[in-house]
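Let's take a friendly walk through this structure, one stop at a time. Please keep the sequence and the 3D view at hand as you read.

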Amino acid sequence: MNEVADVMERSDVVAHNLHVAGEHIENEARDPASVMALYTDDIVLEVPGRALRFAGRAAIEENYRRMFGSMTDIEIEPLERFATEDRVVDDMIARFRLIGDGMANAPLPVGSRVELRLVHVFHMKDGLISREIVHEHWREAA
C-alpha cells in the first residue's frame, strides 16, 4: 500500500510542477510581477544562447519588462510540456515583431519579424522554480 501512496504523491508533485510552469508561461509577458511568486528566493534565469544570466526576482522581473516591452504581435504555439518531480520541460514556438532594444543580445535587428523556438527547462524545488534555463533558436519569420 505504501508503494501506491508514494506513486500517487509523486504524481501530485508532477501535476503541481506542470501547473506552476503553465502559470509562468501564460503570465510572464502579461504581468511579470505576477510570476515572481512562482520562483524561489535564490532563483537564477539563464539564456545561454544570448550569454544572459539573471539572479534574483528583481533582476528577472526587470529583464521581463524590458524584453516583453520590445515585442509586439506575440503568438505562442505550444509544442510539448512534460515534468518529473524536479524538472519541467516546455517546448514552444514564439512569433513576434521585435520593436525595441530591450531584448538583450538579440541576434536579429529591431523591426524583424521573429520565429523563436524556445525550450524552457525549469528546475523545481519545494513546488517553486529554482532555476530556469531557456534554450533559443532564432530565425527571421517570413
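Our tour begins with T40, which has its place in strand β1, a stretch covering residues 39-47. Please bear in mind that what you are looking at is a predicted model. Is T40 buried or exposed? Its relative accessible area is 8%, and T40 is therefore buried, since the cut-off for that word is under 20%. The side chain of T40 is joined to that of D42 by a polar contact of 2.7 Å. Looking past the neighbours within four places in sequence, you will find T40 in contact with R57, K125, L128, I129 and S130.

Next, let's visit helix α1, where I25 has its place. I25 has a relative accessibility of 16%, so this residue counts as buried. Which residues does I25 touch, leaving aside its neighbours within four places in sequence? They are R81, D90, M92, H120 and F122.

Now for the aromatic rings. A pair of such rings is described by how far apart the centres are and by the angle between the planes. How many aromatic pairs does a search of the whole structure find? There are two. In one of them, Y64 and F68, the ring centres are 5.8 Å apart and the planes meet at 50°, so this pair is tilted. Both residues belong to helix α3 (residues 57-69), and because they are four residues apart there, about one helical turn separates Y64 from F68. Y64 counts as buried, with a relative accessibility of 2%, and F68 counts as buried too, at 15%.

The other pair is made by F96 and W138, with ring centres 6.2 Å apart.

The largest pocket here has a volume of about 330 Å³. It is lined by 25 residues, and those closest to its centre are E28, M67, F68, M71 and L118. Elements giving two or more residues to this lining are α1 (2-27), β1, α3, β3 (71-83), β4, β5 (113-125) and β6. Which element gives the most? That is α3, with four residues. Sorted by class, the lining of the largest pocket holds 17 nonpolar, two polar and six charged residues.

Our last stop is the backbone of two loops. Most residues other than glycine have a negative phi. N105, in the loop between β4 and β5, has a positive phi of about 60° although it is not a glycine. D126 is found in the loop between β5 and β6, and its phi is also positive, near 55°. Is D126 buried or exposed? With 76% relative accessibility, D126 counts as exposed.

Note on methods:
Residues numbered from 1 in each chain as written. Predicted model: local features only at pLDDT ≥ 70, side-chain atom pairs only at ≥ 80, totals over all residues. Heavy atoms only, no water. Phe/Tyr/Trp six-rings, centres within 6.5 Å; stacked < 30°, edge-to-face > 60°. Buried < 20%, exposed > 50% of the residue type's maximum accessible area, 1.4 Å probe, protein only. Polar contact = N/O pair within 3.5 Å; in protein donor to acceptor, adjacent residues only side chain to side chain. Contact = heavy atoms within 4.5 Å. 1 Å grid on protein atoms, 1.4 Å probe; cavity = no way out; pocket = protein on both sides within 12 Å on 5 of 7 lines; lining within 4 Å. Points joined across faces, edges and corners; volume = space filled by probe spheres on them. Nonpolar A, V, L, I, M, F, W, Y, C, P; charged D, E, K, R; others polar.
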